[in-house]
Amino acid sequence: MSDRLYKIQLPVYLTALFIILSVVEHFFPMPGVVTNFNVTMRSFVTVVSAAAFMLGIIFLTISHAKTITEQKSGWYYNLFYIAALLITIAFGLMGVRNESFLFIYDNMTAPIGAALYSLTAFYITSAAFRVFRARNWNAAILLVCGFIVLTMLIPIGAILLPPVVPIGEWLRSFPSSAGFRGMIMGTSLGVMGLAVRVLTGRQKDHLGIREERMGGE
Amino acid sequence: MDAEILGLLAGSLVSIGAYSVLIGDNPFSKITENIYMGILGGYIFVTNWDFIQKNAIGKLMNGDLVYIIALVLALMLLGRLKPKYLWVSRYPVVVTVGVGLGMAMRTTVTADFLGQIQATLLPWNSLNNIVMVIGTITAAAYFIFTAQKSGVYKYVNTAGRVFLLCAFGVAYGQTVSFRMELVIGRLVAMLDPRVAMYTYAFILIIAVALAYGYKTKKIEWYSGR
Amino acid sequence: MSITDRLLKLDQRIIYALMFIALAFPILNPVVLPMAIQGYSQDAFDFSDSIPEGSIVIFEGGLGAATYPQGGPGMVVQIYHMLTKGVKCVFFSIGTEQNFWTMTAIETALKKLPAGTPAVNGVDWVHLGYIAGGEAGVGSLVNDIRATIEADYFDTPIDDIPLLEGINDATGFDAVLWWGGSEGSMPYGIRQISVPFGIPITGMCTTNEVPNFSPYISAGQLQGLFGGVRGSAEYEFLLKLPGPALGQAMATNFGGLLWMAMVLLGNILYFVQRMKGES
C-alpha cells in the first residue's frame, strides 16, 4: 500500500497541484510565494525537457548497440550511427560553437535531413496519381479545393488561370478557415478535457504504469 | 578547396544517398540514414547538455541552490532505463506534464476557445461572414458531436463535413506546394554552379554502383509498384 | 492488360524521375514570372512596416535544415527590415537545430545591412539561444527571462546585455515575430505571449501550415502571415531586397503542373476504366 502512495498516488496529486497552481496564477492575483514557485517550476521544466532529449538519444543508442551486439540483419549499418554519434559528441563537447561541430551538422546532417524530409514530395505525387480520385462528391470537393489552391500558389497558375487567385484566397480565408476554426475549438476543448482528466486522476498515461507492468512481466 | 565548396560537395553526396531510397532500400541510403541519425543524435545530445550546463549547473554555481532539485529531477529520468525503477522517473515527468498542461490550459481557454468564438460572432451582413459563422458552427459540431446523425442534425453534419473537406483540400494543395519547396531547397544547393558537375558525377557513380549491385544480385532489387 | 491498366500500374519510380526533372529544370533554366502578392503576406508586411523605430521585438526562429531554404530568405529580410528601421530584436529558438539556423539568418542579414546601420550584438540585437521545454519553455521565458536562462547564445550573462536592461518578461516587447517554419509552434506565440501580454504577433510558417493558422488571422490574433517560399519571395519583393526566394518560388511551376497533370491523368484513366466496367 505504501508503495502505491509514492509510486502512483503522490505523482497524481503533484500533477494536479502543478496544474492548479499554473491555472490559478493566471486568473487571480496570487501571493509572491506562489508566483515564485511557478517561475521556478517552469524553469525546472526546461531543464527536465533538455534532459529528456538526452535520455532519448541514450535509448536510441542502446537500441543501435543491441542490434550490433546481437548481430541482427544489417547490423554493420548501425556502426555508422555509433561512429557518427561519437565523433559529433566529441567535437560538440569542445564547445557548441566549435567550428568542426557546426561544420559536420551544417554539411552532413542538414542536407540529409532536408533530403529525407523532402522525399514526401515524390510519394505525394505518386500517391495522387494512383489513388486521388473524384470517386464521390466528398472526394471531388477535396480534389477541386486542392487544385485551385495549388494553382493559386504556383506563379504560372495565376497567369494561365487568373481567377484562381481571388477564388483560392477566398477559399483559404473563409470556408477553409471556418473548418479549421471548428477544429481549433474542438482541440482546445480536448486540451481542457485532458487537463481535467489528469487533474482528477482519471488519466494517468503520463505515469507510464502500463510500461512498468509490461517491463515487469 | 574552401570550406564552403567542401560543405556543398559533402551535402550533395549525402543528399544523393538519401534520395537513392526512392529506387528502393539500398546500402547507400542505409548508410546515409544511419549517419544522419548519428550526427543529429550527437548534435541534440550536446546542445541539450549545453543548455543544462548553462541554465542549471551555471545557476547552481552562481549560488542558486534550488537548481540542485532541477538536476536531481533530470537524473531521476534515468529511472526509465530499468522498469523496476520507472516510478522514480515519474516525478520529473509529473513536473513537465503538470506545469506544461497547466500553462497550455490557462491560455487555451482565452486564446483558442473564447478567442475563436468571439471572432465567429459576426454580423450576418455579407456572404463571407455568413460562410464563416455557418462553417465554424457546423465544422465544430461535426468535430465534437460524432454520435447523433439523424433529424435536423443530419444537415448540420453534412454541412460540417463539406467545410472540413474544403479545409483539408486547401491544406492538401498547400502541402503539395510545401513538399515541392523542400525538394527545390535541396536541389538549389546540389545544382549550385560551383558543384553541379560533381553532383552529376556522384549521381552517375552511385547509379553505376547500384546497377552493378542489382545485376550481380549483391543488392536485392526492390520491385516497386 | 489494357493500356489504361498498364498506365495505372506505372512504376512509381518513373513518376519520381519526372518530378525530379520538373523541379530541377527551372533551377537550371530560371524564368521569372510576375507574381501576385497574397493578402496574408501584404498584411504581415504592413504590420512589420508599422513597428515604430526604437521598439523591441521578440523573434522566434523556428526554421530547420529542411525549411531554411524556403523560410530563411524571408527571415533574413525580416531581420534586415527591423534593423534598418531601428527596431531592436531579441531572438530565441525552441529547437536545437533551429537555434543554428536562427544564427545563420542573423549572420546573413548582418552581412546585407547597409554600411552604418546600427547592429551591435547585445545593443541592437541579442540571440538568447535554444530554450528547451516547448510551449512551457516559451511560457517560462516570457514570464521571467532571468529565471529561465543564465546567458545568451554567446554565453554572455543576461545581466551584462544592455538591450535586456530593465526587461525581464514580455511586457518589455512591442511585437512578436514568430518564424515558426514547420514547427507548428505559431499557437505557442499566440497563447503564451500575444494574448496574455496583449502584444501583436506576425511571422511565417511553411506553406502547408498556412490554412491551420488562418483562423487566427481572421480572428485578429495574428497580423498576417508569410507562407513558405512564396511568402519569402513576396517579402523580398515588397521590401525591394532581391534574394534567393524568388527563384525558388518560380521553380515550383513545373512541379505543380506535373502534379496536376498526374492527378488529371489518374482520374481520366479511372473514369475510362469505370466506363469500360474494368474497375
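This is a predicted model: local features need pLDDT of at least 70, side-chain atom pairs count only at pLDDT 80 or more; totals for chains, interfaces and linings use all residues.
Residues are numbered from 1 along each chain as its sequence is written, chains are lettered from A in the order in which they are written, and side-chain values use heavy atoms, with hydrogens and water left out.

**Nonpolar cores**

- The largest nonpolar core has 176 residues; such a core is a set of buried Ala, Val, Leu, Ile, Met, Phe, Trp, Tyr and Cys residues joined through side-chain atoms within 4.5 Å.
- Helix H4 (residues 99–131) of chain A provides the largest share of this core, 13 residues; helices are DSSP runs (H or I, at least four residues), numbered from the N terminus.
- The residues with the most contacts inside the core are C:Ile79, C:Phe92, C:Leu128, C:Ile193, C:Leu222 and C:Trp259.
- Another core, of eleven residues, lies apart from it and includes A:Ile148, A:Ala158, A:Val164 and B:Val170.
- Not counting residues up to four places away in sequence, C:Leu128 touches C:Val90, C:Phe91, C:Phe92, C:Leu141, C:Ile149, C:Ala151, C:Asp152, C:Tyr153, C:Ile158 and C:Leu164; contact means heavy atoms within 4.5 Å.

- A:Thr46 is in helix H2 (residues 32–69) of chain A and counts as buried because its relative accessible area is 0%; buried means under 20% relative accessible area, exposed over 50% and partly exposed in between (1.4 Å probe, protein chains only).
- Not counting residues up to four places away in sequence, A:Thr46 touches B:Phe51 as well as C:Ala132, C:Gly133, C:Gly137, C:Ser140 and C:Thr148.
- B:Leu191 is found in the loop between helix H6 (153–190) and helix H7 (196–215) of chain B, and its 11% relative accessibility makes it buried.
- The C-alpha atoms of B:Leu191 and B:Gln53 are separated by 40 Å, the two residues being 138 residues apart along the chain.

**Interface of chain A and chain B**

- Chain A contributes 113 residues to the contact and chain B 109 residues.
- About 10400 Å² is buried between these chains, 81% of it on carbon and sulfur atoms; buried area is the accessible area (1.4 Å probe) that two parts lose on being put together, summed over both.
- A:Phe44, A:Tyr77 and A:Arg181 supply 7% of the area that chain A buries against chain B, more than any other three residues.
- One salt bridge is found across this interface, a salt bridge being a side-chain nitrogen of Lys or Arg within 4 Å of a carboxyl oxygen of Asp or Glu.
- A:Glu25 forms a salt bridge with B:Arg106, with the closest N and O atoms 2.8 Å apart.

**Interface of chain C and chain B**

- Here 60 residues of chain C are in contact with 51 residues of chain B.
- Chain C and chain B bury about 4400 Å² between them, 63% of it on carbon and sulfur atoms.
- C:Arg13, C:Phe20 and C:Glu150 supply 14% of the area that chain C buries against chain B, more than any other three residues.
- Two salt bridges are found across the interface of chain C and chain B.
- C:Asp155 forms a salt bridge with B:Lys54, the closest N and O atoms lying 3.2 Å apart.
- Helix H2 (residues 12–28) of chain C gives the most to the side of chain C that touches chain B, with nine residues.

Conventions. Helices (H or I, at least four residues) and strands (E, at least two) are DSSP runs, numbered from the N terminus.
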